[in-house]
Amino acid sequence: MKVLVTGGAGYIGSIVTAELIAQGDHVVVFDNLSQGHRAAVHPEAAFIHADLADRAALRAAFDTHQVDAVMHFASNTLVGESMAQPFLYLGNNVTNGLNLLQETVAHNVHRFILSSTANLFDKPERMPISEKERIVPGSPYGESKYILERMLHWLDRVSGLRYAALRYFNAAGAAPGGERGEDHSPETHLIPLVLQVALNQREHVTIFGDDYETRDGTCVRDYIHVIDLAQAHILALRALDEGSRTYNLGNGQGFTVRGVIDTCREVTGHSIPAVIGPRRPGDPADLVASSDRIREELGWSPRYPSLRTIVEHAWEWHRTHPHGYGD
Ligand code: UFG
């Protein structure tokens, strides 16, 4: 297939692009490089440097490349930032997504994959969290993704667009071999921040709260290897013609912040000093996915479920790219 990948220069989009190309698909990356890196884009992918707000550029991308499917990664993705800057999310994320959907439908493309989020489950009643859980977006970010999920629901009914909404829990790790990995500026994610301490780029990591009702008082998250996420996208893409679908995507295992730091200490051999700070606004105590539905329907199962392997791959990337892609 020929796939238009928005955000294909970003962390997850660039790794999915490389996996698609490895499986014989063709990829057109559409990215404004506001957060992504040109060097992250697989050399065999066509590259369009443009913004989703630019309808003419988007139209030209569809006119030039006859794509069979769209994967939409390009987005602002930080829960905390969305609480401070809601219009970046309720504005840009929604209007850019809408532009993309309008051009997708106008060009008779019938397959669409959306990066959605676990931030739809702010107050889960059951753990692990299944697709049947009540949707309570935890932030303008989560709300923006939910709005896009709802648009997809209607476009399926009205226009025959087949979609998969993939709700990621905590994407982590790097492509084995250390070629592609996480490079955000500023970095806010736990594992890269902890590994920056091991690289002596920071003096310590701050644990955001140790008074949660969890086994060691720190937040529990479900870290899923980015390669396993990538495989889920590809399985979902191949299954789309059989109908639209929504999946929660995690490992099914929760790790505390302290547990992650301990694993990073074991992998790096660095003492990694940690200090306790206040809670970060908007952080739920516990988020663990049930991925039973995608396992049953698509036969997906994580190749790298162990946190140690996830951290080893992340460490390989950060050790060999201490300044990321270096741009
Ligand atoms: N944390 C710290 N110290 C830090 C950074 C993070 O203690 O310096 C803690 C957070 O409080 C949280 C955990 O580590 O409990 C993980 O935090 P991340 O910032 O790495 O990830 P989040 O769980 O906040 O968010 C991620 C993605 C979102 C997505 C969400 C879904 O960034 O896009 O997972 O679960 F919505």
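Modeller: The mean pLDDT of the protein, where pLDDT is the predictor's confidence in each residue from 0 to 100, is 97, and 100% of the residues reach 70 or more. This is a predicted model, in which local features need pLDDT of at least 70 and side-chain atom pairs count only at pLDDT 80 or more, while totals for chains, interfaces and linings use all residues. Residues are numbered from 1 along each chain as its sequence is written, and side-chain values use heavy atoms, with hydrogens and water left out.

The shell around the ligand is the part requested. A residue is near a molecule if one of its heavy atoms lies within 4 Å of it. Of the 22 residues around the ligand, those that come nearest are T77, T117, T206, R280 and D283. By class, the shell has 12 nonpolar, seven polar and three charged residues; here Ala, Val, Leu, Ile, Met, Phe, Trp, Tyr, Cys and Pro count as nonpolar, Asp, Glu, Lys and Arg as charged, and the others, Gly among them, as polar.

Helices (H or I, at least four residues) and strands (E, at least two) are DSSP runs, numbered from the N terminus. Helix 6 (190-198) and strand 8 (205-208) each supply at least two residues of the shell, and strand 8 gives the most, with three residues. Domain 1 (2-172 + 224-249) and domain 2 (190-221 + 253-326) each contribute at least three residues to the shell; the domain bounds come from an automatic or database domain assignment.

Several polar contacts, that is, pairs of N or O atoms within 3.5 Å, can be described individually. A polar side-chain atom of H189 lies 2.9 Å from an oxygen atom of the ligand. For F208, a backbone N or O atom lies 2.9 Å from an oxygen atom of the ligand, and for T188 the corresponding distance from a backbone N or O atom to a ligand oxygen atom is 3.3 Å. The protein covers 92% of the 690 Å² of accessible area that the ligand has on its own, with areas taken from the Shrake-Rupley method with a 1.4 Å probe.

Most peptide bonds are trans. A cis peptide bond, however, joins S185 and P186, with omega about 0°. P186 lies in the loop between strand 7 (170-172) and helix 6, and helix 6 is one of the elements that supply at least two residues of the shell.

Note on methods: Polar contact = N/O pair within 3.5 Å; in protein donor to acceptor, adjacent residues only side chain to side chain.
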